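This report describes selected features of the structure shown below. It is written for a reader who meets the structure here for the first time.

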Amino acid sequence: MYIDLAEILKCTECRAGKVVFTLVIFFSLTFSETGLYAQDEKITASELKKLSVEELMTLEVTLVSRTPQKLTKAASAVQVITGEDIRKSGATNIPEALRLVSNLQVAQLNANAWIISSRGFNTIFANKLLVMIDGRTVYTPLFGGVLWELQNALLEDVDRIEVVSGPGGTLWGVNAVNGVINIITKNSKETRGLYVSALGGTFVKDKASVRYGSKIGENISLKVYGQHSDRNPTRMQNGTDYTDAWRSTQAGFRMDWNGTKTNAYTIQGDYYGGTKKTTGGNSDFNGENILARWSRSFSEKSDLMLQFYYDRYYRNDIPGKASDELKTYDVDFQYRFPLTKHQTILAGSGYRLVRDNTISTSPVVAILPEKKNLDLFNGFVQDEISVTANLKVTVGTKVSHNVYSGFEVQPSARTALTLGKSNMSSTLWAAVSRAVRSPSRYDKEYFIPRTPLPPTSPSVAGGPNFTSEKLVAYELGYRVQPTASSTFSLATFYNVYRDVYSVEALPGTLTYQIQNGDEATSWGAELSGTSQLTAKWRLRGGYTYFKAKIKAKPGHNFDPVYLGNDVQNQALLQSMADVTNHLHIDIIARYLDFLPKTLATAQVPGYFTFDTGIAYTIKHIEVSVVGQNLYKKNHTEFNTLNIPRGVYAKLTFRL
Amino acid sequence: MKIEIINKSFSYTAKTFCVFLISLFLIFAFQLQAQTSREYSIKAVFLYNFTQFIDWPATAFSNAESPFIIGILGDDPFHASLDEAVAGEKVKDHPITVQRYQDVKDITTCHILFINRKEEGKMKEILSALSGKNVLTVSDMADFAAIGGIVRFASEKNKIRLQINLPASKNAELNISSKLLQVADIVR
């Protein structure tokens, strides 16, 4: 096996493919029915008969933590990574964890910035994704994207991350154009006990985390946690370090009270702060949030949820020259009830107030006015109709109102047909939806320079006429669960965008304004699967194809290549294997196509890389060594900075 | 130069994906081959255990050596695992055999009847046909014990729990050992 591998490695051109292939074959042979560990998976009847009834009751029935039924039957392109997938992968923060989702394009721009999107439009200001952590929206209405360096969670306590590619505007909101990322942490009753970990490495310099959770009363649990990390810089093309090392510290708590069988209350909050090095000096950031949620269930088909949160972040964008402080107050209400025997209504409404304060002392660039209140009202209703036992149709719409583009309507119609047996079913689904990306402050109020110039001098003067970007999406998908321990999904889409972002000079002048001068179509397919091959070996993987045609509308002239730093093909394979009861080996291989050159960024070559984690557990202690991006010494994911190969060692204690 | 890079990455891509797809199919093939239903292997042994912890009246058997019949109504989720679990086993002097039924009307003599959860729509008919007979009805369908079945395999946190409807067991003249009742949830 190893000799073959060496032979194969000589062929550099197709190395990546062969490495993936070899790994798969190697593991298939090692762990398949004839392999060493097949015995453990299928306990024989005579072994089981030796166990008492009590002992039988302690056995795990299925080996995969299955996603809730509602997801496997949902009429949308959902991919889920479990907390276990994340912990085993050796990911050290949320963007690294999102690399495990094959329908997301994750590009690390520098040591402290990531550009993440699904279904295209992955620019520095990627702005078509809705991202939530425990129900709290974390994309910033400053530019419509996510400041990933501010988004931290204790990965040990993450329950799962659900990623819906495609529009989720009807249920979720105004930014859910190309996808929704929902990061969900565990209820504090599941995170009781002590967890301490510390790691040291080359690219991730160090990270320490501690959590303690306890029952504090009848049906009440509380956990508190803290974590700190230091991260080393990326490298410039000439091999020297770039100025982007950074550190962040976060602490938080979560309290859950299951008052009665029907009522549940959650209060949680986080505080964080940190510093990034930039070429212009140190840039600080900090923030805090607090969220309270009450949910009550009346029956299996009826419940309500009321949630309030406050969130603040401060970020020094250009040290000493520009900063931004944004405070969000949000209240959401949701109610579900059966209308008839075959219809369930889900309805909700919400209000969000965002107070933004951008301060710029730079004469070059400013967001004007500096202070602005952004109101957002929304209401939605959706009807899930069981036409037959196997055919479900869901129709609904969201209506929202924002300060820039006024009322927006985002309807959708989805249908799901369940085929086959109930426990190993397959679902064929189709959907048509409309979603909008409403204007952000960067679209409307961005000025270079700060003070207006005459039309004869080049300047950018905001986007007074900029309106929402609109999408109509057509989706068709198939999801199958061929065995109790495997799922496969194929989702395809065809998207039509109108009024897409452009920056163009007003006729006869050098005064540029942000406009809606482009239009686009895009199409693609997302294939993903998970499979528990044996009791001790699990595989996840996926392949995504994406293609877009973005062009200037008649009478417009903006070069649309800028909007599409998108990979055409990308693939992922994660292998999680318990080699013995104590030893776990995790391998994640991924490939992403090249990115085209744009007016703002360089061409990025396609790359293959892989991560490997080896973890040894004895009782409460786990020792692990993780290598990230091992294939090459350096690789680039966006523009020109090199992401170096990284290795870290970690010690974990769980009690 | 630039075009060269792009072309190169395309052929690289194409090859990577061909092998990736082949790999996925291989995985799929292995998966199907390795198709195990651990869940039902465990449930099969539960069914065997029931024969040891539950007493059937002597009238349930035509003679002292007639077989003890475990029936499966509807599609068989156990495959070979139930046959393996009871192979060569006896209840007192009754050798255990497994029978499979598509319709409740096909059942003549049966001591334990496992009802596939897909039969949920026919439960009324099934339970009324078995009423008063010495049959231990078992299923994993929702609310099985609550609607008049005797033992339900419930799953909780990926583990099996037993729910037992005691009045229904009395109706079938079955005597369930306290050892079994202690670890089960009694449902009315």
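## Charges over rings

A charge is said to sit over a ring if NZ of Lys or CZ of Arg is within 6 Å of the ring centre and within 35 degrees of the ring normal. In chain A, A:Lys128 lies over the face of A:Phe121, at 4.8 Å from the ring centre. In chain B, the charged end of B:Lys43 is placed over the ring of B:Tyr40, 4.8 Å from its centre.

## Basis of the model

The model is predicted: local features need pLDDT of at least 70, side-chain atom pairs count only at pLDDT 80 or more, and totals for chains, interfaces and linings use all residues. Residues are numbered from 1 along each chain as its sequence is written, chains are lettered from A and ligands numbered from 1 in the order in which they are written, and side-chain values use heavy atoms, with hydrogens and water left out.

## Chain B as a whole

Chain B contains 6 helices and 10 strands; here helices (H or I, at least four residues) and strands (E, at least two) are DSSP runs, numbered from the N terminus. Of the 188 residues in chain B, 52% are buried. Buried means under 20% relative accessible area, exposed over 50%, and partly exposed in between, with a 1.4 Å probe and protein chains only.

The accessible surface of chain B is about 9200 Å², and carbon and sulfur atoms hold 54% of it; the areas come from the Shrake-Rupley method with a 1.4 Å probe, and for residues only the protein chains shown count as cover. Among the contacts in chain B with a separation of 6 or more, 60% are between residues 24 or more positions apart, where contact means heavy atoms within 4.5 Å.

Helix α2 (residues 38-53) of chain B has 16 residues and spans 23 Å from its first C-alpha to its last, close to the expected 22 Å. The expected span is 1.5 Å times one less than the number of residues. Because 14 of its 16 residues are buried, α2(B) is largely enclosed by the rest of the structure.

Rings of Phe, Tyr and Trp (its six-membered ring) pair if their centres lie within 6.5 Å; planes under 30 degrees apart count as stacked, over 60 as edge-to-face and the rest as tilted. Over all chains, the count is 28 aromatic pairs. The rings of B:Phe78 and B:Phe114 have centres 4.8 Å apart and planes at 75°, so this pair is edge-to-face. The pair links distant parts of the chain, 36 residues apart: B:Phe78 is in the loop between β2 (68-73) and α3 (81-86) of chain B, and B:Phe114 is in strand β5 (residues 112-115) of chain B. Both B:Phe78 and B:Phe114 are buried. They belong to one aromatic cluster together with B:Tyr40, B:Phe46, B:Phe50 and B:Phe153.

## Strand pairing in chain A

Two strands pair if DSSP finds at least two bridges between them. In chain A, an open sheet of 5 strands runs in the order β1-β6-β7-β4-β5, with mixed pairing. Strands β1 (77-82) and β5 (136-137) of chain A stand at the edges with a single partner strand each, so one side of each is left without a neighbour in the sheet. Within this sheet, β4 (residues 129-133) and β7 (residues 179-185) of chain A pair in the parallel sense over 5 bridges. A:Leu129 has A:Gly179 in β7(A) as its bridge partner.

Strand β8 (residues 193-201) of chain A pairs with β9 (residues 204-217) of chain A in the antiparallel sense over 8 bridges. A hairpin through 2 residues joins β8(A) to β9(A), and A:Ala198 stands opposite A:Ala208 in β9(A). Strand β8(A) also pairs with β34 (residues 646-654) of chain A, in the antiparallel sense over 7 bridges. There, A:Gly201 stands opposite A:Tyr648 in β34(A).

## Backbone features of chain A

Most residues other than glycine have a negative phi, and most peptide bonds are trans. A:Asp134, in the loop between β4 and β5 of chain A, has a positive phi of about 50° although it is not a glycine. A:Asp134 is buried, with a relative accessible area of 6%. A:Asp499, in strand β25 (residues 486-505) of chain A, has a positive phi of about 55° and counts as buried at 14% relative accessibility.

The peptide bond from A:Leu368 to A:Pro369 is cis, with omega near 0°. A:Pro369 is located in the loop between β17 (366-367) and β18 (371-386) of chain A. A cis peptide bond also joins A:Ile448 and A:Pro449, with omega about -10°; A:Pro449 lies in the loop between β22 (446-448) and β23 (459-461) of chain A.
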